[in-house]
Amino acid sequence: MASHGPKFSIGIEEEYLLVDPETRALANTQPPEFMARCKERLGERVTHEFLQSQVEVGTGVCATIGEARAELLELRQAVAETAREFGMRMIASSTHPWAHWSDAVPVDMERYRILGAEHRSLARRMAICGMHVHAGIEDPDLRVDLMSQVSYFMPHLLALSSSSPFWEGHDTGLKAFRPIIIGDLPRSGLPEIFESWNDWQEMLGVLAETGMVTDPSKIWWDLRPSAKHPTLEIRICDICTWAEDGLTVAALYQAILSFLAHLKNSNLRWRHYRQLLILENKWRAQRYGVEAEMADFGKRVVVPFAELVDELVELLRPHAEGLGCVAEVEHARVMARRGTSADQQLRVYHAALERGTGDHEAQIEVVDWLIAQSVAPDGPGA
């Protein structure tokens with residue numbers, strides 16, 4: 001994925017779950033012709049993920065969020081239609097309300113066989129989906145420099161994307177449970193701070209020479225230089241049920257990078273804070289989503305998340321104007337007050353319980369809501 005100068009080209013990868021329309025349980029095995037039909041429609045833009053209940057799509061290099069929107073909507077629609085052709089449904093949610101990892105069936109491909117052999121049950125538990133956003137940055141030193149600064153904003157993007165309140169039949173009490181599962185893997189969580197591209201390469205060299213990690217793509221940090229493209233990739237986000245929400249997260253990321261690059265050009269930079277402090281904000285994002293109070297470490301106060309979003313939108317506005325994504329960045333204000341997929345899943349669930357519906361039937365209503373909303377062209381609906 002190439003960069004368009006200071007514009008930070010964007011590529012978005014999304015992962016979806018496949019469900020049985022009768023039981024609403026995960027479709028743990030794919031019909032053998034399903035992926036072939038997906039590839040017939042979408043080519044290399046669609047791939048397997050670790051489990052047969054998952055599908056991954058990825059846009060091409062997009063100069064603007066508008067370009068990404070057109071392609072992402074096409075990808076979602078094509079996967080959803082193909083799933084229907086083969087008697088399944090697609091949902092854009094980071095977890096399924098009651099699926100259990102022990103029922104999951106891995107895809108029979110060499111990479112996934114190796115992953116399963118190395119990580120055993122940890123790999124099998126990966127019945128989770130996320131959204132990854134690549135930003136094209138040709139200068140490798142700039143890539144690493146911006147990685148160290150943009151880490152500060154990762155909890156904010158996680159809160160806005162939260163869609164995983166359930167795990168194995170339980171309301172977890174968290175808006176984003178997916179990072180808990182990812183966090184069990186080695187080389188996960190927030191990245192270290194690197195001084196330069198050479199510093200990053202030296203670390204990779206030590207891992208490779210010792211034989212501990214020979215594939216850089218097995219560094220599963222929340223944010224990392226891509227092993228395949230000249231991009232800086234964020235991996236912290238849940239998959240947004242509404243495509244427009246995902247596009248807003250991507251627009252915020254693009255605008256934040258533009259802002260940080262502007263600081264660098266003025267011989268300034270965003271301050272580094274201890275990783276422990278950023279991890280506290282990340283925990284609040286996981287636990288409370290957009291209802292969180294997060295720390296403004298510059299002012300040393302805790303602020304309602306919606307107020308932090310308002311400040312961020314105003315800070316980024318000049319850069320969003322230059323990138324052509326003002327509307328998407330502004331939409332973050334709506335998300336912070338309306339709530340995310342996680343909030344709406346819980347509303348559907350608790351409303352069903354209040355009507356006297358059983359727990360499992362209430363979770364079925366959540367799946368039905370996800371099926372309808374994952375391809376809703378205009379965003380939130382009833």
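Analyst: We may begin with Arg24, which is partly exposed because its relative accessible area is 21%; buried means under 20%, exposed over 50%, and partly exposed in between, with a 1.4 Å probe and protein chains only. This is a predicted model, in which local features need pLDDT of at least 70 and side-chain atom pairs count only at pLDDT 80 or more, while totals for chains, interfaces and linings use all residues. Residues are numbered from 1 along each chain as its sequence is written, and side-chain values use heavy atoms, with hydrogens and water left out.

User: Where is Arg24 found, and what is its phi?

Analyst: Most residues other than glycine have a negative phi. Arg24, although not a glycine, has a positive phi of about 70°. Arg24 is in the loop between β1 (10–19) and α1 (34–42); helices (H or I, at least four residues) and strands (E, at least two) are DSSP runs, numbered from the N terminus.

User: Is Asn267 buried or exposed?

Analyst: Asn267 is exposed, because its relative accessibility is 76%. Its phi is also positive, near 60°, and Asn267 is placed in the loop between α9 and α10 (275–288).

User: How many disulfides does the structure hold?

Analyst: A disulfide is a covalent bond between the sulfur atoms of two cysteines. Here the criterion is a pair of cysteine sulfur atoms within 2.5 Å, and the structure holds zero disulfides. The sulfur of Cys129 is too far for a bond, because the closest cysteine sulfur, in Cys240, is 13 Å away. Cys237 is in no disulfide either, and its nearest cysteine sulfur, that of Cys240, is 6.8 Å away. Cys129 is buried, at 0% relative accessibility, and Cys237 is buried with a relative accessible area of 0%.

User: Which residues of the largest nonpolar core touch the most other members?

Analyst: A nonpolar core is a set of buried Ala, Val, Leu, Ile, Met, Phe, Trp, Tyr and Cys residues joined through side-chain atoms within 4.5 Å. The largest has 114 residues, of which Ile12, Val150, Leu232, Tyr253 and Leu257 touch the most other members. Helix α9 (residues 243–265) gives the most to this core, with 13 residues. A second, separate core has nine residues, among them Met126, Phe177, Ile182 and Leu185.
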